[in-house]
Amino acid sequence: MAKSSSLNVRVVEGRALPAKDVSGSSDPYCIVKVDDEVVARTATVWRSLSPFWGEEYTVHLPLDFHHLAFYVLDEDTVGHDDIIGKISLSREAITADPRGIDSWINLSRVDPDAEVQGEIYLSVQMQEAAQGRCLRCHVLKARDLAPRDISGTSDPFARVFWGSQSLETSIIKKTRFPHWDEVLELRETPGAPSPLRVELWDWDMVGKDDFLGMVEFPPKVLQQNPPNGWFRLLPFPGAEEGSGGSLGALRLKVRLVEDRVLPSRCYQPLLQLLMESALGPAEEDISSPLAVLEELTLGDCRQDLATKLVKLYFGQGLTGPFLDYLTQRELARTTDPNTLFRSNSLASKSMEQFMKLVGMPYLHEVLKPMISRVFEEKKYIELDPCKMDLGRTKRLSFKGASSEEHVREASLGLLTGYLGPIVDAIVGSVGRCPPAMRLAFKQLRRRVEEHFPRAEHQDVKYLAISGFLFLRFFAPAILTPKLFDLRDHHADPQTSRSLLLLAKAVQSLGNLGQQLGQGKELWMAPLHPFLLQSISRVRDFLDQLVDVEGEEAGGPAKALVAPSVTVREGYLLKRKEEAPASLATCFAFKKRYFWLNGETLSYSKSPELQARSSIPVSHIRAVERVEEGAFQLPHVMQVVTQDGLGTLHTTYLQCKNVNDLNQWLSALRKASAPNPDKLASCHPGAFRSSRWTCCLQADRSAAGCSRTHSAVTLGDWRDPLDPDAETQMVYRQLLLGRDQLRMKFLEGCSMDTSPEEDAGKDSSSMEGACPEALDRQREAAGRLLEVLEDLDRAHEDFQWQE
């Protein structure tokens with residue numbers, strides 16, 4: 001049995017941020033930290049006090065996660081970035097509501113006394129003596145302390161308080177990982193029992209010392225269970241104060257998902273029911289797991305559930321029947337073809353997640369060249385007269401006024417210059433579209449033709465497919481390329497406007513031009529001739545797309561991505577093996593092009609070279625960040641490997657920015673997740689000048705001074721298939737509908753969630769059913785309820801064993 005924990009974070013937007021630049025504005029971005037480790041950085045929104053980010057992250061976490069923090073900073077071209085404020089959320093605050101947090105939260109000032117991190121190792125003993133009780137506090141070491149000095153380190157010492165007495169350890173210079181190994185003895189003084197408080201401080205030669213954190217133990221704990229082990233440092237009580245909204249606010253969505261995953265055998269009955277659901281009749285089904293899930297799941301949970309279900313059926317080789325089942329149920333509820341798949345139903349969300357799951361490489365191949373060109377050229381494009389900046393054009397009309405017509409003509413030329421190659425790439429991509437997507441679209445078209453056979457509905461079969469492919473796949477990727485991994489950063493306002501116009505044009509193509517000239521955006525009319533000429537090409541493309549033979553390959557799939565497929569690549573700076581400490585950093589690190597797949601991390605001097613060096617992924621024992629002070633370089637990571645003789649080797653790699661670092665860390669940790677003998681600790685520094693730069697130990701083989709973070713990874717479409725965790729999530733969702741299912745089939749009540757909806761329908765959806773169908777539904781419901789009860793008991797048994 002295992003436990004899983006993941007954090008879903010969406011940084012939506014900010015408002016009323018203070019101006020940090022002389023221009024009266026700011027260039028804000030947001031840093032996301034989990035337990036003081038940076039896991040994400042949003043894009044910088046230039047010249048805005050009300051930035052919109054809309055960035056979403058899924059972070060897989062260790063079970064001892066404590067808090068989440070958001071820091072808003074103003075990016076400066078020269079000097080250090082200015083800190084605007086922060087939001088800190090404890091684990092308890094996030095889990096207080098099962099739905100998580102979805103609200104505006106005011107930013108707080110960043111108080112150095114509240115900015116603490118790290119842990120301290122203590123061993124405390126209470127001893128009886130003739131002179132009275134004595135407290136022996138063995139202060140061994142600390143790790144991951146906050147850097148308080150400009151060098152990126154601290155000069156820590158510990159101060160121990162018990163009653164009216166206090167003692168201090170020695171000062172360890174220039175380290176965030178001090179080793180004291182000192183015993184401080186304090187005598188009990190008359191009066192009530194006192195708590196033990198241990199404070200850590202950074203010693204400063206000039207000015208006051210800086211607070212690093214504290215731990216405190218009440219007298220009852222000292223007497224009954226004296227502390228012995230690692231303890232997390234905390235800020236002074238009440239050190240963090242609100243700003244009353246003067247620093248602005250962030251709109252955040254945060255949800256922590258934790259669960260216990262049972263052994264695979266426990267999920268087999270439910271998994272079998274799920275597979276039978278997809279293969280059974282769809283329209284009359286009201287009691288299978290899929291029917292219950294479709295009825296009850298709402299909002300954000302629907303997207304999460306769709307992702308889990310698509311992965312689950314993909315792993316069983318049954319995504320085709322699963323999507324077909326949902327399609328049939330969606331069609332059975334649809335009478336107006338204009339509303340088909342336009343809502344965020346389970347069918348729509350499942351097809352959307354399916355396209356992302358199997359079609360992301362295809363999407364990149366089709367769109368990335370033109371998206372990159374738009375970003376690089378940074379052209380000004382505008383068709384809306386209300387938004388035109390006529391000062392951008394230097395050409396004047398004969399009357400001496402700026403020419404709006406010239407801006408429109410120039411923008412139209414640029415827009416069609418980008419849109420033409422995008423359309424060419426899409427309509428010419430039939431052979432590159434994944435077979436699984438083509439087969440799914442073929443089945444979708446067949447079902448739509450059966451449901452809407454009349455001549456006036458002949459376009460519906462095209463719109464059903466283009467509604468997914470163009471409106472839910474291509475257009476969103478053009479609008480926000482960063483969210484689809486097409487770019488590392490969001491676009492600036494000017495480029496973002498160009499992308500918006502391109503996305504609108506692609507949406508019009510997806511609608512087959514049916515809404516051209518309607519609505520409020522009549523200023524798009526100059527583009528209509530180009531769009532109308534492209535409609536026939538889109539129809540031909542959709543016809544070719546579904547002209548595919550064969551059926552979905554059956555049998556279980558072990559992974560979304562084959563081990564030999566490259567999951568990440570790009571340039572990194574690699575430190576020479578065993579580079580002399582005296583060698584300047586600029587000579588020790590060399591630029592190399594890296595490829596990572598499930599089997600090897602390989603590299604060469606350039607992407608074109610065939611001769612490559614490689615590191616087997618199976619040899620990786622840890623992938624961790626490296627302190628900036630180790631090489632005086634930011635964004636450095638280490639890959640620790642073990643050879644056949646058991647000797648450890650470390651490869652140091654520098655990434656181009658913090659997001660690139662996080663993505664490489666995550667990809668390498670996922671690839672090496674199955675490896676045995678992973679390291680529990682490592683050195684976040686480097687062994688230079690005969691000592692470790694982090695903890696100052698002179699023994700090169702000394703045990704690591706910091707914990708490893710192999711469990712911290714970023715979720716994405718390439719996440720490994722995990723049928724047990726996916727089925728567990730489905731089980732949790734089914735529990736929400738268990739009582740309604742039992743009432744419906746045991747007491748004859750309607751399963752509708754809304755009394756108002758129920759009043760407008762037949763009093764019981766089962767009254768008109770034939771007895772045979774009714775018996776089948778009751779039998780299916782009984783089986784599902786029995787399976788859920790078995791899983792309940794299994795969870796109780798394992799919880800009791802813990």
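Biologist: What should I know about the numbering and the model before reading it?

Modeller: Residues are numbered from 1 along each chain as its sequence is written, and side-chain values use heavy atoms, with hydrogens and water left out. The model is predicted, so local features need pLDDT of at least 70 and side-chain atom pairs count only at pLDDT 80 or more, while totals for chains, interfaces and linings use all residues.

Biologist: How many cavities of 30 Å³ or more are there, and what lines the largest cavity?

Modeller: Rolling a probe the size of a water molecule over the atoms shows where empty space is left. On a 1 Å grid over the protein atoms alone, a cavity is a set of points where a 1.4 Å probe fits but cannot get out, and lining residues have an atom within 4 Å of a point; grid points are joined across faces, edges and corners, and the volume is the space filled by probe spheres set on them. The count here is four cavities of 30 Å³ or more, and the largest has a volume of about 80 Å³. Its lining includes E37, R625, N662 and V712, and the largest share, four residues, comes from α15, where helices are DSSP runs (H or I, at least four residues) and strands are runs of E (at least two), numbered from the N terminus.

Biologist: How many disulfides are there?

Modeller: A disulfide is a covalent bond between the sulfur atoms of two cysteines. With the cut-off for the two sulfur atoms set at within 2.5 Å, the count is zero. The sulfur of C682 is 7.7 Å from the closest cysteine sulfur, in C705, and is therefore too far for a bond. C682 is buried at 7% relative accessibility, where buried means under 20% relative accessible area, exposed over 50% and partly exposed in between (1.4 Å probe, protein chains only).

Biologist: How are the rings of Y571 and Y593 arranged?

Modeller: A pair of aromatic rings is described by the distance of the centres and the angle of the planes. Rings of Phe, Tyr and Trp (its six-membered ring) pair if their centres lie within 6.5 Å, and planes under 30 degrees apart count as stacked, over 60 as edge-to-face and the rest as tilted. Among the 17 aromatic pairs, Y571 and Y593 have ring centres 4.9 Å apart and planes at 85°, so this pair is edge-to-face. Y571 lies in strand β17 and Y593 in strand β18, 22 residues apart; Y571 is partly exposed at 36%, whereas Y593 is buried at 12%.

Conventions:
On a 1 Å grid over the protein atoms alone, a cavity is a set of points where a 1.4 Å probe fits but cannot get out, and a pocket is an open set with protein on both sides within 12 Å along at least five of seven lines; lining residues have an atom within 4 Å of a point.
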